[in-house]
Amino acid sequence: MKIKVSNANEPQWNVINVKSHIPAELKKLDELSRNLWWTWNVEGRDLFRSVDRELFTKTDQNPIEMLQRLPYERLKELAKDEVLMARLDKVYKLYRDYMDEKPNAKRPSVAYFCMEYGLFHILKIYSGGLGILAGDYLKEASDSNVDMCAVGFLYRYGYFTQMLSMDGQQIANYEAQDFDRLPLERVLDQDGNQMIVDVPFPNYVVHAAIWRVNVGRISLYLLDTDIQQNSEYDRTITHTLYGGDWENRMRQEYLLGIGGMLALKKLGIKKDIYHCNEGHAAFCNVQRLVDYVGEGYDFYQALELVRSSSLYTVHTPVPAGHDYFEESLFGKYMGGYAEKLGISWDDFMGLGRTNPEDKGEKFCMSTFLCKTCQEVNGVSWLHGEVSKKMFSGIWRGYFPEESHVGYVTNGVHYPTWSAKEWKTVYNKYFDKSFLKDESNQKIWEKIYEVPDEEIWKTRVALKTKLIEYIRARFRENWLKNQGDPSRVVSLLDKINPNALLIGFARRFATYKRAHLLFSDLERLSKIVNNPDYPVQFIFAGKAHPADGAGQGLIKRIYEISQRPEFIGKILFLDNYDMHLARRLVSGVDIWMNTPTRPLEASGTSGEKALMNGVVNLSVLDGWWYEGYREGAGWALTEKRTYQNQEHQDKLDATTIYGMLEQEIIPLYFARNRKGYSENWIRTVKNSIAQIAPHYTMKRQLDDYYSKFYEPQASRFKTLSADGGKIAKEIAAWKALVAERWDSIKVVSSERPEEVLGNQFTSGKEFVVRHIIDEQGLDDAIGIDLVLVSNVDGQDKLEKVIPMNVVKREGNLFTFEARISIDLAGSFKTAYRMYPKSKLLAHRQDFCYVRWFN
């Protein structure tokens with residue numbers, strides 16, 4: 001028999017999970033590690049750090065993984081550590097007192113849908129500002145003790161980890177998350193198995209496991225398709241955030257909307273309000289409509305109920321930024337829903353079209369939400385105005401100025417983003433009620449009583465902390481990837497704690513204009529190489545892997561940073577995440593933002609910075625348009641001088657250089673004998689006292705409740721009572737008006753000769769009457785006189801004058817208005833007829849308009 005040198009088959013590995021056996025005395029510690037409450041409470045973070053400082057750092061501040069990696073013998077030692085156990089008991093009591101408080105039943109309950117959530121850097125289910133905002137919102141909902149739950153995805157790979165090659169090219173690495181090492185819990189069914197929601201895709205079913213993230217008192221439910229019950233193709237649905245082609249986007253948004261609602265249904269959760277944070281979850285309203293139709297309502301009755309309890313928040317300021325699907329792709333996944341709703345396919349497609357009659361128009365998720373949500377809002381005052389114009393085609397017959405589209409300016413979660421050092425200052429000088437009353441400017445004005453020296457020492461401490469963090473975090477990676485070790489060491493050593501440190505960190509999209517500072521390299525070189533007034537710039541941010549222009553910007557900045565005159569003076573820090581963001585927004589002196597007007601919907605990084613005594617230098621766009629106060633930061637005007645963007649960029653760059661050279665740098669370095677600039681500290685104090693209280697997440701949450709949740713919940717309660725009695729009445733009334741709309745007649749009009757001759761005299765009163773045959777609609781019609789001017793070739797609404805019913809004879813209604821036009825010039829006028837009812841939420845709720853003269 002021939003004997004082989006070797007003979008071995010491939011092993012069939014079984015995967016087993018060995019969980020750390022936590023001693024009973026440390027069960028409280030284990031419980032704390034599984035709720036993200038600790039991430040925004042200093043006591044919780046310090047507790048985990050005290051368990052094993054080195055291991056806590058090595059595990060990237062992940063207490064779940066830290067406890068798993070601690071040997072059992074070490075855990076037993078910790079359980080006998082009296083100091084640690086006393087600390088644990090104290091923190092656990094704070095936590096339990098917080099958790100055991102019942103939700104505020106006086107405020108409406110909310111189900112919140114979003115594609116991403118930025119809660120903590122170890123949980124990679126976010127990419128940027130949208131996710132950070134959503135994460136902050138859930139934390140504040142918890143702190144404000146409202147009844148809210150949220151729905152999203154548990155991504156296997158999440159968003160990418162960024163590295164830079166030696167020539168500055170962005171490298172995107174997708175790293176799988178180990179869910180068992182993250183602050184997650186499997187939602188279990190009655191049999192103790194993980195709950196699975198079955199989502200009906202075309203001709204088959206996709207299965208999604210349900211996980212829960214405990215965000216203080218709030219439950220965030222995450223769907224995960226990367227399970228054995230699914231095909232390889234469907235397992236990838238929840239692999240990456242904003243990855244893949246348009247079909248993958250459709251599958252994700254189908255799962256988020258349809259699957260998200262089915263998950264809530266399986267969990268037995270019903271809320272008063274359903275809030276879509278961006279358009280990705282729009283299909284949740286499709287499923288809600290299907291559910292109401294399944295209960296016996298017709299489509300239009302169901303639509304009244306869904307609309308009255310739905311809110312859409314838009315974050316995109318340009319039409320091209322919304323999701324549009326070709327009819328063929330939309331039909332592939334949504335083809336069966338028109339029949340389920342009892343409407344035609346064309347009518348269903350029309351819900352996603354600005355012009356329903358245009359068969360070539362794609363289905364837009366945002367348009368669908370505008371038509372199926374009673375309320376729509378932008379995320380700053382300026383963005384609200386932009387959104388009114390952007391969506392104006394949906395509600396033809398009304399000018400953008402008349403739109404019901406509102407706004408709630410974004411805020412930030414103070415406990416998450418304010419550094420521990422600043423919290424110490426605030427706790428020392430602010431009223432004890434501060435955390436319950438964060439938006440009270442009177443409380444923030446106490447910052448003026450803090451000694452200047454204490455403010456300066458706090459700023460210096462945080463700048464030092466940032467520099468130490470950069471040296472520790474980036475030294476190893478840069479030595480690996482950027483060649484010459486002596487160059488890397490030299491670069492890190494040149495970070496100067498005495499320099500004016502200016503930060504620019506955000507998503508690298510071209511409209512953010514990260515390139516602006518580099519318009520005049522000779523002038524920039526003089527600024528950063530002045531030995532008496534050292535200035536350094538720190539850049540960070542990711543470009544989407546499909547955004548070649550954004551990646552090109554990163555490469556250019558990196559290349560400039562490697563030039564001899566800029567080495568160590570301009571830094572690009574790779575892999576911008578929440579951890580790095582916390583350091584940057586608290587450690588730099590100036591936070592710079594230079595978006596193309598008006599493309600910054602809100603922006604919140606500057607809000608985080610100002611809570612840490614960092615001063616803003618920004619274009620008047622997004623939140624800064626409202627937030628800027630003279631003497632509390634610097635602003636580039638919101639007005640364009642040039643239509644040519646290249647010329648505008650050059651002008652803005654020149655303005656920034658001038659501000660730095662003539663105002664900012666001299667102010668920062670006007671040091672007194674104690675080593676700081678008194679006027680700089682005054683600017684810091686003004687920024688904190690006058691701006692910070694208006695941009696907290698508490699203010700944002702309260703705004704959503706007062707502007708939208710509470711009025712909508714009240715109306716929904718009215719519409720849904722008695723088996724939807726009022727909803728059915730509204731639907732029937734709308735159907736009747738629609739049926740008779742074209743037959744309504746203007747029987748006669750009475751107008752003075754000057755009106756007929758189009759010759760008005762400013763300030764002179766005249767009377768206009770119209771007799772309208774309403775065709776039996778019983779006072780269901782309103783009429784306005786609309787006055788319009790022409791500005792730069794565009795119609796501009798000047799005045800809307802309502803006409804009143806002064807007489808009724810059967811179906812004939814006499815409308816009258818006493819009109820005095822106090823303007824002079826050339827105008828256009830027309831009369832606008834519209835349906836009216838006290839039961840309507842607003843004019844765009846039933847957007848029928850007829851113009852006449």
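With 853 residues, the chain would have a radius of gyration near 29 Å as a compact globule, and its value of 30 Å agrees with this; the radius is taken over C-alpha atoms, and the globule rule is 2.2 Å times the number of residues to the power 0.38. The model is predicted: local features need pLDDT of at least 70, side-chain atom pairs count only at pLDDT 80 or more, and totals for chains, interfaces and linings use all residues. Residues are numbered from 1 along each chain as its sequence is written, and side-chain values use heavy atoms, with hydrogens and water left out.

**Overall architecture**

- The chain contains 30 helices and 27 strands, where helices (H or I, at least four residues) and strands (E, at least two) are DSSP runs numbered from the N terminus.
- Taken along the principal axes, the box filled by the C-alpha atoms is roughly 100 × 80 × 60 Å.
- Of the 853 residues in the chain, 57% are buried; buried means under 20% relative accessible area, exposed over 50%, and partly exposed in between, with a 1.4 Å probe and protein chains only.
- Among contacts (heavy atoms within 4.5 Å) with a separation of 6 or more, 73% join residues 24 or more positions apart.

**Surface and charge**

- The chain exposes about 36300 Å², and carbon and sulfur atoms supply 49% of that area; accessible areas come from the Shrake-Rupley method with a 1.4 Å probe, and for residues only the protein chains shown count as cover.
- The chain carries 111 positive and 114 negative charges, whose mean positions are 3 Å apart.
- In this count Lys and Arg are positive and Asp and Glu negative, while His and the chain ends are not counted; each charge is placed at NZ of Lys, CZ of Arg, CG of Asp or CD of Glu.

**Cysteines**

- With a disulfide defined as a pair of cysteine sulfur atoms within 2.5 Å, the count comes to 0 disulfides.
- The closest cysteine sulfur to that of Cys-364 belongs to Cys-370 and is 7.9 Å away, which is too far for a bond.
- Cys-373 is likewise in no disulfide, and the nearest cysteine sulfur, in Cys-276, is 5.8 Å from its own.
- Cys-364 counts as buried because its relative accessibility is 2%, and Cys-373 counts as buried because its value is 1%.

**Helix H16**

- Helix H16 spans residues 381–390 and is mostly covered, with 7 of its 10 residues buried.
- The buried residues of H16 are Leu-382, His-383, Gly-384, Val-386, Ser-387, Lys-388 and Met-390.
- These buried residues pack against strand S13 (375–378), strand S14 (406–407) and helix H26 (623–627).

**Individual residues in helices**

- Leu-138 belongs to helix H7 (residues 129–143) and counts as buried because its relative accessibility is 0%.
- Leaving aside neighbours within four places in sequence, Leu-138 is in contact with Tyr-112, Tyr-117, Met-148, Ala-150, Val-215, Ile-218 and Leu-220.
- The C-alpha atoms of Leu-138 and Gly-118 are 9.9 Å apart, and these two residues are separated by 20 residues along the chain.
- Glu-65 belongs to helix H4 (residues 63–69) and counts as buried because its relative accessible area is 18%.
- Beyond neighbours within four places in sequence, Glu-65 is in contact with Thr-59 and Arg-181.
- Between the C-alpha atoms of Glu-65 and Thr-236, which are 171 residues apart along the chain, the separation is 26 Å.

**Loop residues and backbone angles**

- Tyr-242 lies in the loop between helix H8 (232–235) and helix H9 (246–267); although Tyr-242 is not glycine, its phi is positive, near 55°.
- Tyr-242 counts as buried because its relative accessibility is 14%.
- Glu-278 counts as buried because its relative accessible area is 8%.
- Thr-596 is placed in the loop between strand S18 (590–593) and helix H25 (605–610), and counts as buried because its relative accessibility is 11%.
- Apart from neighbours within four places in sequence, Thr-596 is in contact with Tyr-511, Arg-513, Asp-621, Arg-640 and Gln-645.
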